[in-house]
Structure formats: C-alpha cells, structure tokens
Amino acid sequence: MKAFTYERARTPAEAAAAVARTPGAKFIAGGTNLLDLMKLQIETPRHLIDVNGLKLDEIEKTPDGGLRIGALVRNTDLAADARVRNDYAVLSRALLAGASGQLRNKATTAGNLLQRTRCPYFYDTAQPCNKRQPGSGCSAIGGVSRQLAVIGSSDACIATHPSDMAVAMRVLDAKVETVRADGQARRIPIADFHRLPGTTPHIETALMPGELITAVTLPKPVGGFHTYRKVRDRASYAFALVSVAAIVQRDGRGRAAFGGVAHRPWRVEAAEAAMPGGAKALADQVFAGAKPTHENAFKLTLAERTLAGALAEARA
Amino acid sequence: MKFDTPAATNPIDQLKVVGQPADRIEGPLKATGTAPYAYERHDAAPNAAYGYVVVSTIARGRIRSLDASRARRAPGVLAVITAETAGPLDKGQYNTVRLLGGPEIQHYHQALGVVVAETWEQARAAAALVQVQYQEAPGRYDLAKLKNAAAVAPPGFGGPPDTARGDFDGAFASAPVKLDATYSTPGHAHAMMEPHATVAAWNGDQLTVWTSNQMIDWSRGDLAKTLKIPKEKVRLVSPFIGGGFGGKLWVRAEAVLAALGAKAVNRPVKVALTRPVMFNNTTHRPATIQRVRIGATPDGKITAIGHESWQADQEGGSSDPHVNQTRLLYAGANRMTRTRLAKGDLPEANAMRAPGEASGMMALEIAMDEMAEKLGLDPVDFRIRNDTQVDPEKPHRPFSQRQFVQCLRQGADHFGWSARNPRPGQTRDGRWLVGLGVAAAFRGAPVQTSAARVRLEAGGLLVVETDMTDIGTGSYTIIAQTAAETMGVPLHHVRVRLGDSDFPVSAGSGGQWGAASSTSGVYAACMKLREQVAGKFGFDPGQTAFQDGQVRSGGKAFPLAQAAGLVAEDAIEFGKLGEQQELSTFGAHFVEAAVDPYTAEIRVRRMLSVCAAGRILNPKSARSQVIGAMVMGVGAALMEDLVVDKRRGFFVNHDLAGYEVPVHADIPHQEVIFLDEVDPAASPLKAKGVGELGICGAAAAVANAVYNATGVRVRDYPVTLDKLLAGMPQVA
Amino acid sequence: MTARVSFEVNGQRRDLELDTRTSLLDALREHLKLTGTKKGCDHGQCGACTVIVDGRRINSCLTLAVMHEGAKVTTIEGLGTPEAMHPMQAAFVKHDGYQCGYCTPGQVCSAVAVLEEIRAGVPSHVTPDLGDRPKVTAEELRERMSGNICRCGAYSNIVDAMTEVAGSRA
C-alpha cells in the first residue's frame with residue numbers, strides 16, 4: 001500500500017472540493033473493496049477523503065412515492081429497512097445474498113455500486129490486465145474464465161461486475177444521484193451508470209473524476225413478486241456464478257436482470273415482454289449475441305434455469 | 001520404552017481420565033484470544049522489525065536483474081535481503097524446492113527476498129519497489145499432457161510404486177462384470193487459517209524462531225541445514241499452530257527470511273506470508289489422474305482390482321501414494337497398483353491431510369459405487385461382500401483390528417440407508433432432488449518414536465514437556481489425560497508444555513501418527529517416573545498403585561506430591577508389530593445430498609461417519625477431528641480446486657475468495673460414531689489416530705450422494721453444478 | 001504519513017499516532033498488542049479479524065484505524081478472560097467449537113453479534129419471510145456465521161455452542 005494523506009470531510013461540497021484540490025485523491029466510505037485493492041496496489045490513491053461523516057445515511061420517502069437511499073446507508077441497514085423489505089424485497093434479498101454479515105455492516109450503498117471486478121487476473125498485479133493497466137492485454141481471454149462474462153464483453157476485457165445489489169437496483173430502475181467536483185448535482189439512470197468494457201475497461205462507470213455519489217433513488221414501488229436468486233459453488237460468502245433479480249406480476253409479466261454474466265448488471269427491457277412465455281423465451285432474447293468461453297458457456301444454461309426457478313417460485 | 005509386544009493391561013485401562021470427553025485444557029486460552037501464535041510474540045521478542053516477502057512473478061526462468069535500490073531507500077527500510085546478499089544457503093532435507101529463489105526461478109511466487117522495515121506498512125510498500133527483470137522459460141503445467149511422460153515414482157513414504165498379485169490383466173479381461181473408469185482430482189490448498197509466520201531473534205550465534213510448525217525437530221534440523229549452522233544453534237518454538245494439515249510440516253520461506261532478516265538488522269524480525277502468495281509460494285496437494293479397474297463375478301465378488309495414479313511435481317519431488325488403500329481395502333485375488341510421477345513446474349506438491357488416501361479414495365470409492373450399480377448390488381452390501389481380514393497382497397498378514405463391516409452396518413442402520421432408492425434421480429423432497437451416498441474410510445495407523453519428560457513439581461503439579469505440537473488435534477489434552485491417568489492425578493494437576501525444541505523430541509503432528517505416538521511417549525516417561533517415585537518411597541514398582549494423588553503399596557501410602565522434584569524422561573520406540581500385522585483405521589461415511597433441479601446447486605443435508613480406530617483417547621476432540629475432516633471432504637467434493645493457468649504456470653485462484661473452502665452454510669449437523677475398539681498392537685494406549693481417517697472417503701460419499709440424487713456421474717472433481725446441468729430434469 | 005486517532009478499546013481510551021495505512025486490525029495487534037484478533041487473510045475473505053465496533057461486527061482488516069475516531073471497539077479480550085469467560089466463550093469450550101483456535105476469536109465475536117442481530121430483527125439470506133422476525137434456527141446461524149471460515153471444520157460444534165447460548169438467554 002502506498003502512503004497517502006487522510007482527511008475527514010463533513011459535507012458533500014467539502015468532499016468534492018477536497019478531491020478536486022488534491023491530485024490522486026479518492027473517497028473512502030466502507031473501504032471494504034478499496035482497502036482490499038490498495039493492499040495489492042491495484043488502487044494507489046495519494047490522498048483519502050473519508051466521507052463517512054457526510055450524514056448521507058438516511059433512507060427517506062421521495063415526493064413521487066419512491067425511496068431515496070443515502071449513499072452511506074450500510075448494506076445491512078438497507079436490507080433490513082422495513083420499507084425496502086415490504087416494497088423492494090428484491091433489493092433486500094440481493095443485499096443479503098452478498099458478502100458476509102461483517103462486510104454488509106461496513107459496505108455502503110454507493111461503494112457497493114462502485115465495486116470493482118473480482119476477475120483473478122485483475123487481482124494479480126503480475127498479470128496483464130487492461131482494466132488495471134490499460135493497454136497491457138487481457139490475461140483472462142484464453143485463461144481461466146469460468147467466473148467471467150458471457151455477454152457484453154470485448155476483446156479487451158471479459159470481467160464481470162460482482163455486485164448483487166446493483167442487479168436489484170437495475171431491475172428496480174434506480175437512479176444514482178451525484179455531486180460533481182464543481183458542485184453540480186445530477187441523476188444517472190442505473191442503466192447508464194455501469195459501462196461495458198469496450199476498448200476502455202478501466203472506465204467502469206459514468207462518474208466523472210471526483211464525482212461523488214450522494215444517494216440512490218428508487219421509483220415508487222411496482223408491486224409484484226420479488227425474488228433474487230444467486231447461484232454459486234458454495235452456499236454463502238461467494239460471488240455469483242449467475243444471479244437473477246426478478247419482479248413478476250400476477251399476470252406473468254415482469255422484469256428480470258442478471259448478475260455474474262457481464263461487466264454490468266444485465267437487463268434487456270425489450271426482451272421482458274417474453275416473460276409470460278417462460279424463462280427460455282426471455283433468456284433467448286436477453287442472451288442473444290452472447291460470447292461465452294468454453295469454460296463459462298454453462299452460465300447461459302444456468303441463467304435460463306435460474307430464471308425458470310424464479311418464475312416457478314413466483315407462480316407457486 | 002520399547003513397544004514390540006502387544007500391550008497388556010496397564011494403568012491406562014483404568015480409563016478414569018483417558019477416554020473421557022474432557023474439554024480441551026488450552027480451550028479457555030483459545031476462546032479468549034490469549035493463546036500466543038507465532039506472529040504474536042511481543043512478549044518473547046519485543047521490538048521486532050517487520051519483514052515482507054518479495055516473490056517471483058513468473059513461474060520459470062531466471063532473474064536477469066534485481067534492483068532493490070529504491071526499496072532500500074524507502075522510508076523505514078532497514079535491510080533488503082535476496083539470494084544475492086543472503087550468503088550461501090543450503091536446502092532443507094524435507095524441501096523439494098529452494099525456499100529462496102534466484103537467480104533461477106522454480107515456480108510462481110517463489111520467494112526472492114525480504115524487505116525489513118520498522119513497520120509492516122513500510123515493509124509492504126517498499127517490497128513493491130523491488131524491480132525484477134526476468135528471462136522467462138517455458139514450463140510444464142498440464143498434468144493431462146504430462147501423464148504419458150510420467151515415470152515410475154521413486155519409492156517414498158507410501159511404499160513401492162508398483163504392486164501386483166495374481167494375474168490382474170487376465171482376471172480383469174475375463175471378469176463377467178467390469179468397470180474401467182478414469183477420475184481426476186485437482187490440486188488442493190491447505191488453506192489453514194493462520195498464515196505461515198515466524199519471529200526470529202539471534203543471540204550471538206544462537207537463533208530462536210517462534211514459528212508455526214507441525215514438526216519441531218525436522219524443522220529445527222532443516223532450518224539449521226538451510227542456514228548452514230549447527231542444529232544445536234537453533235531453537236524452534238511453536239506452542240500454538242493455527243492449522244497445518246501438512247502445510248506446516250516443513251520449514252517455509254518466511255522462517256528462513258525472518259532468520260536472515262534478523263541477522264542483517266541485529267534485532268528480532270517477524271515475517272508472515274500474505275494470503276495471496278501462500279497458494280503458490282507454499283506446498284499443495286497435487287492434482288491426480290487415476291484409473292480404476294474392477295472386475296467381479298455376477299454375485300459381486302471382486303476378482304480383479306487395479307488402481308493407477310498419475311501426478312506431477314518439481315524435480316526431486318516425491319509422489320503421494322494414492323493407490324495405498326486399494327492394496328488393502330478390498331479382497332480380490334488378482335490385483336495391481338501403479339504410481340507414476342511426471343516432472344512439472346507448478347509449485348511444489350507435498351503432503352496434505354492423508355496424502356495418498358485422501359485423493360485415492362476420492363476415485364476408488366466412486367468406482368466402488370459405480371461397480372455396485374453395474375452389479376445391481378447395494379453399495380454397502382457390495383463393500384461388505386469384499387471385506388478381507390488379511391492383507392490381500394500378503395495373506396499371512398492379518399489386520400490387527402478391522403471393523404470395516406461393522407462400520408458399514410452400523411452406519412447404514414443409523415443413517416436410515418434402507419430408505420435409499422437405488423435408482424438415481426428418483427427421489428424428491430419438495431423441489432429438491434435428494435440422494436444418499438456411502439463410501440469407505442480407510443487410513444493407515446503409522447507411529448513414530450516419541451519422547452517426553454515429566455516432572456513432579458511442588459504441590460503435586462505434574463509437568464509434561466515434549467516437542468509434540470497441537471495443530472488443533474487436541475494434543476495438549478490427550479497428553480494431559482495420559483499423564484493424569486498414568487500418575488493417578490486429576491487432569492487439572494497436569495501442565496502440558498509443547499512445541500519447543502528444548503523439549504524431548506516427539507513424533508510431531510503428521511500422517512495421523514501424532515496422537516498414538518506422542519501419548520505413548522508420555523506414557524513411557526510417566527512409567528519411568530512411577531519407578532522413580534516407587535523407589536523413593538521404597539516400594540516395588542510392580543506392586544505400586546498410583547491413584548487419587550496417592551502412591552500405595554503393601555498397605556502403605558504417600559502423597560505423590562512428596563516426590564516433588566523427580567524428573568523422568570523416556571521415549572517410546574515402536575518395534576515390528578506393524579510389519580507382522582497390518583495396522584489400519586477404518587470407517588464408513590454416509591451422506592444425504594440435495595440438488596436443486598433448476599440450478600444443480602448442491603447442499604449436503606446430513607453426514608454420518610462411523611469410525612473404528614482403536615481406543616479413542618478423548619471422544620470430544622476425536623469427534624472434532626473427524627467432523628473437521630468431513631468438512632474438508634465436502635470441500636474436496638464440491639468446491640476446492642487449485643485452478644491452473646496452463647499458459648503461465650500458476651494457481652490463479654490464489655486467495656480465500658477464489659479458492660473456496662466450505663463455510664458454515666455448507667455444513668449440516670454432523671454425526672460421528674466411534675465403535676468400541678482397543679488395539680493392543682497399536683500402542684501402549686491401544687490407540688490409533690483419527691485425524692486423517694475422517695477425510696478419506698468423505699468426498700466420494702458426497703459425490704455418490706449427488707449421483708444418487710441426480711443420476712449424473714461426475715468423475716472429475718470438484719462436483720460443481722456446471723458438470724450436472726446437462727443431466728438435470730427439463731424445467732419450464 | 002501519520003495521523004492521530006483516539007478510540008475506546010474494551011472500555012479503555014486509546015490515543016494513537018499511526019501511519020495512515022494502518023488497518024484497525026494491525027493497530028490492535030501490533031500497536032496495542034491485543035493479539036487476540038487474528039489476521040487470517042487481510043482481505044476480508046476469512047473473518048478471523050472480526051471485532052465489534054459500535055455494536056456491529058466488522059472485518060478489522062478492511063478498515064483503517066484512523067477512520068475510527070471516537071469509536072467503541074470490543075475485541076475478544078473485551079468479552080472475557082480465561083478465568084472469567086463470556087458465556088459464548090464458555091460454550092465454545094464446552095462444545096469444542098474450535099480446533100486450532102486461530103479463527104476462534106473471530107467466530108466468538110461474530111457469534112455474539114449474530115445473536116444480537118437476530119434479536120434486533122435483522123434479516124438474513126435464509127430468513128423465509130422478510131416480513132417476519134428472524135428466529136434462532138440452525139439454518140439462520142449457519143448463514144449468518146458464513147463470513148467466518150474455520151478450516152478445521154468446527155462448524156457443527158459452533159452452531160451447537162451458539163444454540164445453547166441463545167437458548168439460555170431466551
């Protein structure tokens with residue numbers, strides 16, 4: 001870990017100003033991913049701005065009947081919130097499927113969105129990785145790829161986004177509220193928040209340098225049956241091979257987003273009209289154009305079957 | 001004390017203390033975080049500087065240049081030591097690969113040096129400044145490709161590489177029912193929770209290391225040999241070990257580098273391996289390819305059984321004896337085994353919990369399940385039909401004890417085995433597909449010379465000292481129980497001091513020999529002390545009873561405490577009983593598994609192990625050994641897999657997120673039944689080990705349960721959902 | 001680069017000047033010499049470093065010491081001593097909820113916090129209905145304890161120990 005200076009910010013504006021002022025500065029909140037990566041020198045901030053004091057830890061109703069979740073709301077608190085459990089159960093379920101109790105107690109809403117990939121080659125600094133070191137190449141292509149992306153990948157990167165929460169946020173049409181270093185606030189639809197790797201896999205989100213997430217908003221509840229199915233090799237404390245966040249209405253219509261398959265939560269709204277026709281009908285469209293490796297082609301079958309299980313649960 | 005005739009009735013048979021489920025005597029220290037592990041010796045080695053290990057980032061080749069100048073100038077740095085500056089080093093007798101690499105690189109993450117600094121943070125940051133340029137060389141990383149070039153394995157601890165009896169080829173060819181199947185097991189990591197760690201301090205030419213090591217005397221010798229100093233100049237202290245499983249049988253790089261660092265900076269230095277380098281820097285259980293052939297008559301009598309195994313290791317490495325159990329477990333007049341070892345360039349393969357049988361049983365016991373199905377026999381019944389009470393290769397050699405059939409029968413009864421549907425894929429519980437699986441457990445009962453010293457202190461306290469280690473096995477407690485029983489004192493009057501090379505040399509912890517050997521050494525020392533005590537009181541030792549803190553003979557009695565000050569030391573030396581008879585431990589594993597019909601996720605629902613392993617010295621800690629081994633078996637069955645990048649020659653999933661081991665949620669309530677058994681041929685305590693028995697066969701029982709649940713036979717471990725999906729039921 | 005931080009550890013105020021890079025775990029183990037908290041992986045992948053901060057269990061390896069100004073930290077040493085063990089520690093001894101002992105402090109801290117979490121109604125991945133209060137079942141305990149790896153495999157005994165403690169308090 002490289003040496004860094006440290007300061008505590010008290011307001012979002014102060015934090016934004018601090019990051020603009022200091023080259024190589026980064027925000028730190030829960031720290032559960034950032035410190036992990038700093039220990040390996042995958043992240044090497046020269047200055048850390050501790051945003052834990054920003055009082056962005058409230059969950060409140062929005063005027064349009066939705067929910068505004070402060071950026072610093074811990075995963076545990078978000079999952080346990082009665083409004084989330086009642087109206088956005090898919091989000092509770094996704095959060096509870098992720099990490100461990102200890103990590104959820106620390107990890108924040110914003111930090112969860114900003115998690116970086118768990119691709120083993122990204123984590124091994126001796127190996128070329130375009131995401132870690134642009135232009136160095138992708139070791140995962142032709143390498144060990146069982147965990148990695150089957151769709152939306154590029155010749156530069158086949159990493160996946162590891163978050164469970166983000167998959168639920170995607171199916172809920174969340175919006176990410178931010179404040180930029182210049183003080184400008186904006187709202188980014190979750191669909192536009194995470195990027196595909198393309199030729200620039202090191203650029204993972206729509207955030208500008210120094211832009212701070214202040215909240216995530218959820219539109220008013222859509223009802224329906226909510227489920228989050230996470231499939232992994234061990235029963236807990238592991239990243240998804242495949243996950244499905246689904247909201248199914250009584251008439252069989254609904255929405256579904258998939259985790260563990262792409263560089264961002266994977267949802268194809270246009271395909272959702274096929275949901276009443278069953279998992280295969282939907283999955284065929286969602287995964288049209290998939291380019292799995294020989295090691296992870298099973299994820300396509302698994303995604304469809306996981307969705308089938310979710311739909312069966314919804315019908316039951 | 002020589003042990004060359006079967007044990008007669010002796011003080012242990014009182015079973016007032018031995019055989020009781022005593023809580024671990026060191027338990028409160030562990031539960032309160034006050035047991036000192038290697039890296040935590042602020043008490044013994046204050047003001048230690050911190051070392052951080054620099055590792056190779058290629059798998060094979062040479063260092064073209066190594067520039068540590070920036071690291072040396074970094075804040076807080078006290079020294080940087082590499083092969084170039086370390087002075088001449090030898091290689092330990094038990095190490096295959098040199099612990100400090102350079103200029104030649106032998107494997108990925110081989111240690112290249114250590115950066116010593118005032119703080120851990122400084123050492124870590126400076127280590128990243130060491131610039132190394134390499135000349136990479138091609139390496140051999142794919143066992144499937146190396147298999148054909150594999151040579152006859154050198155004879156190792158596991159017996160001859162080739163064995164044969166009768167006419168295997170002829171008998172197999174003519175067998176009415178036969179199975180010829182090939183299985184593979186991946187590399188496994190010990191992944192003990194405490195990383196390899198050492199604090200080293202020099203006092204003149206005398207080196208002390210507080211380290212985490214299973215084998216004090218081996219490692220004292222090997223550390224001395226590596227550093228080219230006399231063994232007497234090294235003291236090795238390892239009273240608490242945060243897990244080993246074979247990974248800490250040896251000196252590893254951090255101990256050598258701590259010693260070199262401490263010498264260089266003239267103060268104590270502590271070094272721990274970081275988790276992400278442990279997987280490639282240290283040893284692992286080798287991957288295998290195994291072919292099992294079984295021929296039988298239609299009524300299920302095995303007429304031919306053959307087991308061949310292939311593995312790879314670095315030049316000079318040895319092989320795990322994966323075929324061992326196949327030489328002994330089932331009858332059959334015509335048999336053969338072969339062990340082949342190829343040269344490869346992955347990190348050093350070496351022992352991990354039950355080296356040989358753990359992997360061998362993963363293959364053999366699926367094969368037995370497959371064969372039973374071909375024969376239309378229940379797999380419990382098929383195993384019982386092929387029981388043998390003699391060594392099948394040498395029928396004049398009986399087993400000293402062999403309750404294998406009883407294990408199977410009692411287990412089947414207890415587990416509700418009769419409810420199993422022999423047709424796979426037919427049983428549902430709600431959504432879940434459910435299946436039952438069985439496998440044998442088998443492991444030898446090796447013993448080693450083991451010494452101890454016992455001292456009576458004022459107040460009647462009995463102090464036992466031996467360099468035996470407790471790696472979670474319960475050594476502290478069973479040694480205390482042994483001493484308490486032999487000397488006739490309550491357990492809480494015994495203090496046990498372990499893991500210090502200043503103490504008499506013990507068997508150490510490995511190969512399931514620790515419990516039987518070390519307690520025998522303590523027994524020997526106690527028996528010598530009894531003679532001294534009897535002599536002090538003028539008693540005939542043969543006519544003296546030691547009970548309730550009293551020494552009684554011929555109507556006279558003295559408190560044992562009156563003999564305070566007496567010290568006795570002795571060793572147990574085992575004779576040839578183990579050659580005349582086969583000493584083994586047996587068991588049977590039963591598993592219920594459920595499989596999600598949509599996703600093929602596997603959940604183990606119930607586990608039972610029935611064990612027959614001689615006298616159980618402490619049923620509480622022995623049970624823990626068995627359930628822990630069963631957990632590791634679940635890991636081997638369902639998830640553990642050191643995944644090789646065959647281009648670059650390293651284990652890719654080199655951390656505890658990537659290398660998955662079972663978590664709480666993977667493990668159901670587990671049951672263990674120990675059959676009543678005493679084995680007078682095994683040791684004076686009539687005991688054998690159980691620490692490795694529990695893993696042998698456990699993975700196969702899980703795999704067989706998954707097969708029974710799904711009808712999908714997976715022969716390449718781990719049994720993961722991707723291998724089942726194609727055979728799962730249609731879903732809408 | 002250093003920074004000052006003050007927090008309370010096991011009821012005692014501690015003032016430290018630390019390299020900013022110092023994790024809470026290393027502050028405890030190396031600076032305060034409270035070595036009961038263990039370093040198993042240093043990357044949030046094992047749970048051996050679990051401590052309770054302001055009433056919540058966290059991985060002390062994945063947080064900086066300087067981020068805990070004013071915090072109340074409870075480590076394994078703060079729960080009990082060999083002579084006066086916390087009920088959870090005593091239950092671990094009784095049920096042999098350990099073997100090598102290295103993950104044990106983290107398991108114990110987690111176990112204590114898990115029972116509080118269930119009592120507070122925090123749901124888990126296996127809570128059948130998010131609308132109900134979670135119960136102390138073996139399945140709940142296993143899921144909630146899954147962030148604490150025990151390579152020795154004492155899981156079954158740990159659940160027994162926790163169940164006993166939960167039962168005695170109910």
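This report describes the overall build of chains A and B, the domains of chains B and C, and some local backbone features.

The structure is a predicted model, in which local features need pLDDT of at least 70 and side-chain atom pairs count only at pLDDT 80 or more, while totals for chains, interfaces and linings use all residues. Residues are numbered from 1 along each chain as its sequence is written, chains are lettered from A and ligands numbered from 1 in the order in which they are written, and side-chain values use heavy atoms, with hydrogens and water left out.

Chain A contains twelve helices and eleven strands, where helices (H or I, at least four residues) and strands (E, at least two) are DSSP runs numbered from the N terminus. Its radius of gyration is 19 Å, close to the 20 Å that the globule rule gives for 316 residues, so chain A is as compact as a globular protein of that length; the radius is taken over C-alpha atoms, and the rule is 2.2 Å times the number of residues to the power 0.38. In chain B there are 18 helices and 31 strands, and its radius of gyration of 26 Å agrees with the value near 27 Å that a compact globule of 732 residues would have.

The table sets out further values for the two chains. Buried means under 20% relative accessible area, exposed means over 50%, and partly exposed lies in between (1.4 Å probe, protein chains only). Accessible areas come from the Shrake-Rupley method with a 1.4 Å probe, and for residues only the protein chains shown count as cover.

| Chain | Property | Value |
|---|---|---|
| Chain A | C-alpha span along the principal axes | about 55 × 50 × 30 Å |
| Chain B | C-alpha box along the principal axes | roughly 80 × 70 × 50 Å |
| Chain A | Buried residues | 62% of the 316 residues |
| Chain B | Buried residues | 68% of the 732 residues |
| Chain A | Accessible surface | about 11,000 Å², with 51% from carbon and sulfur atoms |
| Chain B | Accessible surface | about 22,700 Å², with 49% from carbon and sulfur atoms |

A contact means heavy atoms within 4.5 Å. Of the contacts in chain A with a separation of 6 or more, 62% are made by residues 24 or more positions apart, and in chain B 81% of the contacts between residues at least 6 apart in sequence join residues at least 24 apart.

For charges, Lys and Arg count as positive and Asp and Glu as negative, while His and the chain ends are not counted; the place of a charge is NZ of Lys, CZ of Arg, CG of Asp or CD of Glu. Chain A carries 42 positive and 29 negative side chains, with the centres of the two sets 2 Å apart, and chain B has 77 positive and 74 negative charges, whose mean positions are 2 Å apart.

**Domains of chains B and C**

Domain bounds come from an automatic or database domain assignment. For chain B this assignment gives domain 1 (11-35 + 448-573) and domain 2 (356-446 + 580-727), and their contact takes 28 residues from domain 1 and 24 residues from domain 2. The C-alpha centres of these two domains of chain B are separated by 35 Å.

B:I25 lies in the loop between β1 (2-3) and α1 (27-31) of chain B, and at 32% relative accessibility it counts as partly exposed. Its C-alpha atom is 9.2 Å from that of B:I478, although the two residues are 453 residues apart along the chain. Leaving aside neighbours within four places in sequence, B:I25 is in contact with B:Y476, B:T477, B:A480, B:L491 and B:V496.

Chain C is divided into domain 1 (2-78) and domain 2 (87-169), with C-alpha centres 22 Å apart. Between them, 14 residues of domain 1 of chain C are in contact with 16 residues of domain 2 of chain C.

**Backbone features**

Most residues other than glycine have a negative phi, and most peptide bonds are trans. In chain B, a cis peptide bond with omega of about -5° joins B:G102 and B:P103, and B:P103 is found in the loop between β4 (77-82) and β5 (104-105). Another cis peptide bond, with omega of about -5°, joins B:Y717 and B:P718; B:P718 has its place in the loop between α17 (698-710) and α18 (721-724).

In chain C, the loop between α1 (24-31) and β3 (50-53) holds C:D42, which has a positive phi of about 65° although it is not a glycine and which counts as buried at 8% relative accessibility. C:D54, in the loop between β3 and β4 (56-59), has a positive phi near 50°, and C:D54 is exposed, with a relative accessible area of 51%. In helix α3 (residues 87-94) of chain C, the buried residues include C:M88, C:Q89 and C:F92, and just after this helix C:D96 takes a positive phi of about 55°.
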